[in-house]
Each structure stands twice: as C-alpha cells, then as structure tokens.
Amino acid sequence: MQLDKDQILSENKRAEQHHTDHFNFLSEQLDQQDKDVNAILRKLANFQVAIPSWALGAGGTRFGRFGFFGEPASLEQKIEDVGILHALTKTAGAVSLHIPWDIPQDYNAIKELANANNLVFDAVNSNTFQDQKDAKESYRFGSLSNLNASVREQAIQHNIDVINIGEKLGSKSLTVWLADGSNFAGQRNFQSALTHTENSLKSIYTALPEDWKMFIEYKPYEPNFYSTVIQDWGTSFMLANACGEKAYTLVDLGHHLPNTNIEQIVSTLMLKGKLGGFHFNDSKYGDDDSTVGSVKPYALFLIFNELVFGMENNPQNPDLAWMIDASHNIKDPLEDLLQSLEAIQEAYAKALLVDQEELQAAQSRNDVTLCQEILQNAYRTDVRPLLAKARMLSGGALDPLKTYRSLKVRESLIKERGMNSVATGL
Ligand code: LRH
Ligand code: MN
C-alpha cells in the first residue's frame with residue numbers, strides 16, 4: 001500500500017485555514033524575537049529520523065503479546081509501512097534493519113521498493129542476543145564477551161555478515177548492542193568479559209568499510225539483571241576510543257538508570273567528538289520503549305538543547321544518526337511512530353528557539369533565574385504550526401495522525417494483509 005500525494009493534499013485543504021491562522025500568529029511572535037523562521041523550517045525539513053524495522057508490529061513482553069491487525073509480515077511490507085510514515089510526515093526518510101529479523105531475499109527489489117518510497121537504509125543492527133536455530137554455538141553465556149573463543153568467533157562473523165548485508169543496501173553504519181552480562185554476583189569475571197568484548201569489537205572494526213561508522217550501544221541491565229558488560233556511556237566511550245575514529249557511542253534514551261542526566265552525557269560525548277547517534281523513545285521505569293516525549297518531554301527538550309549547542313559548536317563531532325527504537329504493546333504501531341516523530345520534531349524546534357548566545361551571557365553572569373527563563377520560554381512555545389508548515393512545504397500532511405485516520409490506512413492494511421499477519425521483531 002502506498003499513499004498518494006493528492007490524498008494528503010486534499011486532507012490538508014480542510015485544515016489549511018486553521019493552520020495558516022496559527023502559523024501567521026506564531027511567526028509574527030518569532031519575527032519580533034528576531035528568530036529566523038525560514039531557517040528553522042529548513043532545519044526541520046532536513047531532520048530525517050530512521051524507523052526501526054522491528055517496531056512496525058505489536059511487540060510484547062514476557063507476560064504476553066497482543067497482535068495488532070494488518071501487521072507487515074515481510075520486509076517488503078515493512079518498507080511500505082515506513083513509506084506511509086514518510087509520505088505523511090516527510091521526516092521518516094530512512095529505515096534501520098535488524099539482522100537476521102530482516103534479511104532481504106532480493107536486494108535489488110528491496111532497494112527499488114525503498115527508492116519508490118523515498119527511503120534510504122540507515123544503520124544495520126546485529127543480533128547476538130538470540131540463538132539462531134541452525135547456529136553452531138549458543139549465546140546463553142554471552143557473545144563477544146563469551147569465555148569460549150569459538151562463540152566469540154561466531155558473533156564476530158555475524159557482525160561482519162551484517163556489514164556485508166548493509167553494504168549491499170547502501171547503509172553506512174553498524175549498531176552493536178550486547179545483552180552480554182551476568183545474572184548473579186560471582187557468575188562472571190568482569191575484567192575478562194570486558195577484555196574479550198574489546199578485542200572482539202576491534203576484530204569487527206577491522207572489517208568496517210572506510211566510509212562506515214560503528215555505533216556501540218550501552219544499557220545498564222536486561223536481559224541480564226546483575227551486570228551488563230557495556231553498561232553505561234563511559235564503557236561504550238572507552239571501547240569506541242579503543243577501536244578507533246570510526247567508532248562512536250549510541251545513546252538509547254531508555255538505557256539509563258532513573259534520574260540519569262542524559263543531556264549532560266550527550267554534551268560530554270559531543271565535546272569529545274564521540275556521539276554517534278540516538279535511539280529515541282521514552283520510559284517511566286526501565287527500558288519501556290514507550291512513545292517519544294510521552295513521559296519526560298522536558299528532558300527530551302533539554303537533550304535537544306545540548307544537541308543544538310553541540311551542532312553549532314562541536315565540528316569535531318560528526319553528523320548524528322537519528323533513529324527511533326520503540327516497542328508497541330497495545331497501540332497501532334504506525335500511530336505510535338507518528339506521535340514519536342512529532343515529539344522529536346517538537347523538541348528540536350523548541351531547542352532551535354533557544355538563543356544560545358543570550359543563554360551563555362546569562363550563564364557568564366550566573367543569572368540562574370534568567371538561564372531557566374530562557375530555556376522555559378522556548379519550551380513553553382507551541383511550535384506545532386512550524387512543524388505543520390515544514391511538512392506541508394515538503395508535500396506532507398498538516399496533521400499526519402488525523403490524515404492517517406481519515407484515510408483509513410489501518411483498515412486498508414487489514415484488508416490487504418488480513419487481521420492476523422505478524423511482523424518479525426520485538
Ligand atoms: C536493546 C535495544 C537495541 C536493539 C533492541 C531491539 O534494548 O535497544 O537497540 O537491538 O533494543
Ligand atoms: Mn536501542
């Protein structure tokens with residue numbers, strides 16, 4: 001299924017007057033504050049987020065899975081679903097595949113389909129946290145950190161296979177997340193686990209094409225509940241430095257212990273030129289993989305404030321990889337992803353309203369209250385007319401979620417795929 005432009009434009013017609021009134025009111029306000037509205041619109045339009053191929057169906061937990069109807073049962077259908085998100089938002093121009101959940105059968109056909117949906121392939125993700133049925137070795141006691149050299153070899157080879165798959169699709173980066181760790185004190189020697197992991201990552205790094213990046217994703221716990229080898233940003237940063245200049249740290253927002261100051265981690269990694277990218281989501285307790293901005297929207301804004309500062313002041317840090325990593329248990333996956341895309345754009349737009357010079361001047365005078373006011377004024381600005389305008393200028397929907405519903409997209413997907421089609425992934 002593909003949405004055609006005219007369907008979206010006719011929906012926009014109905015909302016146009018309302019949008020124009022709100023946009024004119026806001027841009028007048030921003031003009032008075034000497035904000036360059038056109039520059040902000042350009043930045044919003046250029047901000048493309050990759051959609052995870054593993055989040056297009058209903059996920060589940062160990063307590064059960066409630067399938068969502070009309071799920072994409074093949075990689076082709078997953079790319080079509082990302083195409084629908086991109087047609088509506090014009091900000092979802094990439095898909096991030098997870099291997100072996102999404103191994104293409106016909107690379108040319110997959111590339112053509114992605115092209116037809118104006119999509120590119122972002123980072124490819126390896127998977128050494130599950131055993132494959134025909135695998136020689138098991139990852140029960142770890143993969144790249146395993147005490148057994150042939151298990152490590154198998155995991156290293158898998159990552160090299162994932163790079164080869166990504167190369168055929170035009171991807172330029174590999175994301176490595178390890179579940180490796182232990183469930184009980186005394187189960188593993190921390191130093192041997194870390195040393196094996198470092199050496200294994202270095203082996204994978206040597207197979208990385210010249211123009212590729214390797215993202216090392218950290219996580220404090222789950223599925224191991226006593227220790228995780230790559231548990232925090234410091235460990236990932238250390239391993240990225242040990243591997244080389246093409247290795248970076250990937251920040252998954254859900255991979256932090258409660259009340260961690262993630263914006264400070266982001267700022268530090270950008271200063272050191274080692275921030276590779278993000279897995280956007282939100283969480284109240286653990287790695288909940290909830291809708292972006294649905295729990296801690298102000299924290300997301302503060303992260304984007306550091307990103308905007310870093311993108312203006314840290315040329316040593318490369319362009320970032322923007323990806324969503326979510327899992328949906330009870331909601332329509334496409335509606336959830338539309339909301340996440342909106343929340344990311346909203347946080348970015350609000351951060352672009354922060355006058356970084358004015359903030360630095362207030363910081364240099366230790367005018368604490370004014371520093372807060374500068375941030376909160378930006379955060380309290382309703383930037384949604386800017387997002388809508390940027391989408392409309394790119395041929396997208398003024399209101400993607402409303403358009404998704406009024407065009408009865410899910411109903412059409414169910415008609416095409418049936419009620420019980422199931423997607424691979426989480
Ligand atoms: C681990 C993680 C990782 C993916 C997986 C699907 O929690 O965030 O990024 O490999 O989710
Ligand atoms: Mn992740």
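Biologist: Which side chains meet in a salt bridge at 3.8 Å, N to O?

Modeller: Those of Lys 246 and Glu 210. This is a predicted model, where local features need pLDDT of at least 70, side-chain atom pairs count only at pLDDT 80 or more, and totals for chains, interfaces and linings use all residues. Residues are numbered from 1 along each chain as its sequence is written, chains are lettered from A and ligands numbered from 1 in the order in which they are written, and side-chain values use heavy atoms, leaving out hydrogens and water.

Biologist: What counts as a salt bridge?

Modeller: The general idea comes first. Side chains of opposite charge can pair when their charged atoms come close. The cut-off here is a side-chain nitrogen of Lys or Arg within 4 Å of a carboxyl oxygen of Asp or Glu. The search of the whole structure finds 20 of them.

Biologist: Where do Lys 246 and Glu 210 lie?

Modeller: Lys 246 lies in the loop between α7 (233-243) and β9 (247-252), and Glu 210 in the loop between α6 (190-206) and β7 (213-217), so the pair ties together parts that are 36 residues apart in sequence. Helices (H or I, at least four residues) and strands (E, at least two) are DSSP runs, numbered from the N terminus.

Biologist: Is Lys 246 buried or exposed?

Modeller: Buried means under 20% relative accessible area, exposed over 50%, and partly exposed in between (1.4 Å probe, protein chains only). Lys 246 has a relative accessible area of 13%, so it is buried. Glu 210 is exposed, at 65%.

Biologist: Which residue forms a salt bridge with Asp 332?

Modeller: Arg 410, with the closest N and O atoms 2.8 Å apart. Asp 332 sits in the loop between β11 (321-324) and α10 (333-352), and Arg 410 in helix α15 (residues 409-417), so the pair ties together parts that are 78 residues apart in sequence. Asp 332 and Arg 410 are both buried.

Biologist: Which residues do salt bridges that share partners join into one network?

Modeller: Start with Glu 416 and Arg 417, whose side chains meet at 4.0 Å, N to O. Glu 416 is partly exposed at 44% relative accessible area, while Arg 417 is buried at 11%. Shared partners join Glu 80, Asp 81, Glu 416 and Arg 417 into one network.

Biologist: Now the metal. What are the protein donors of the manganese ion (ligand 2)?

Modeller: Donors are N, O and S atoms within 2.8 Å of the metal (3.2 Å for Na, K and Ca); water is not among the atoms, so sites may look incomplete. Here the protein donors are Glu 217 (OE), Asp 252 (OD), His 279 (ND1) and Asp 325 (OD), lying 2.1 to 2.2 Å from the ion. Glu 217 lies in strand β7 and Asp 252 in strand β9, so the pair ties together parts that are 35 residues apart in sequence. Glu 217 and Asp 252 are both buried. The donor residues are spaced E-x34-D-x26-H-x45-D.

Biologist: Why is the arrangement around the manganese ion (ligand 2) octahedral?

Modeller: Ideal angles for six octahedral donors are 90 or 180 degrees. In the test used, six donors count as octahedral if opposite donors are over 155 degrees apart and all others between 65 and 115. The six donor atoms around the manganese ion (ligand 2) subtend angles of 71 to 167°, which makes the arrangement octahedral.

Biologist: What does the side chain of Asn 224 reach?

Modeller: The backbone oxygen of Ala 179, at 2.8 Å. Asn 224 lies in the loop between β7 and β8 (227-228). At 13% relative accessibility, Asn 224 counts as buried.

Biologist: Which peptide bonds are cis?

Modeller: One runs from Ile 99 to Pro 100, with omega near 15°. Pro 100 is in the loop between β2 (94-96) and α4 (107-116). Another joins Glu 222 and Pro 223, with omega about 10°. Pro 223 lies in the loop between β7 and β8.

Biologist: Which residue has a positive phi of about 70° although it is not a glycine?

Modeller: Asn 259. Asn 259 is in the loop between β9 and α8 (262-271), and counts as exposed at 81% relative accessibility. Asn 366 also has a positive phi, of about 50°. Asn 366 lies in the loop between α11 (356-364) and α12 (368-379), and is exposed at 62%.

Definitions and conventions: Tetrahedral: all angles 85-135°; square planar, octahedral: opposite > 155°, others 65-115°. Polar contact = N/O pair within 3.5 Å; in protein donor to acceptor, adjacent residues only side chain to side chain.
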